[in-house]
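Trainee: Could you take me slowly through one part of this model, the sheet and what lies around it?

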Amino acid sequence: MALMRSLMGAKKILGLSVSAAATSKRAASAAPKGFLAVYVGGSQKKRYVVPISYLSQPSFQALLTKSEEEFGFDHPMGGLTIPCHEDIFINVTSRLQ
């Protein structure tokens, strides 16, 4: 049940992020098919492109939940913003490959 709720939340975040990206200046640099662009870090956000298969991984879903708690569905970068240190993000995603 919790996994299903997390997946539905991730899809909602993804859907809204894609809509926001389509209307932003960053639309020209959209992620390739099968990938998702996310912004990670403190004041200096860095863009990462990750496979959408990460959305089904519990550790990545935890990052999405953190994002939802901090930003709701209003992401300041025009794409999905994950509020964690870059090294934590790299550590989590490196274990997913």
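Mentor: What follows goes from the sheet to the helix beside it and then to one residue. The model is predicted, and local features need pLDDT of at least 70, side-chain atom pairs count only at pLDDT 80 or more, while totals for chains, interfaces and linings use all residues. Residues are numbered from 1 along each chain as its sequence is written, and side-chain values use heavy atoms, with hydrogens and water left out.

The sheet is open and has 3 strands in the order E2-E1-E3, with mixed pairing; strands (E, at least two residues) and helices (H or I, at least four) are DSSP runs numbered from the N terminus, and two strands pair if DSSP finds at least two bridges between them. Strand E2 (46–51) and strand E3 (80–82) are the edge strands, each pairing on one side only. From one strand to the next, the twist averages 40 degrees, where angles run from 0 to 180 degrees between N-to-C directions and axes are lines fitted to C-alpha atoms, for helices over the stretch in contact.

Strand E1 (residues 35–40) is joined to E2 by 6 bridges, and the two run antiparallel; Val38 stands opposite Tyr48 in E2. Helix H3 (residues 86–94) packs on this sheet, touching E1, E2 and E3, and its direction makes about 10 degrees with that of E2.

In the segment after H3 we find Leu96, which counts as buried because its relative accessibility is 18%, buried being under 20% relative accessible area, exposed over 50% and partly exposed in between (1.4 Å probe, protein chains only). Leaving aside neighbours within four places in sequence, Leu96 is in contact with Tyr54, Gln57, Ser59 and Phe60, contact meaning heavy atoms within 4.5 Å. The C-alpha atoms of Leu96 and Tyr54 are separated by 7.2 Å, although these residues are 42 residues apart along the chain.
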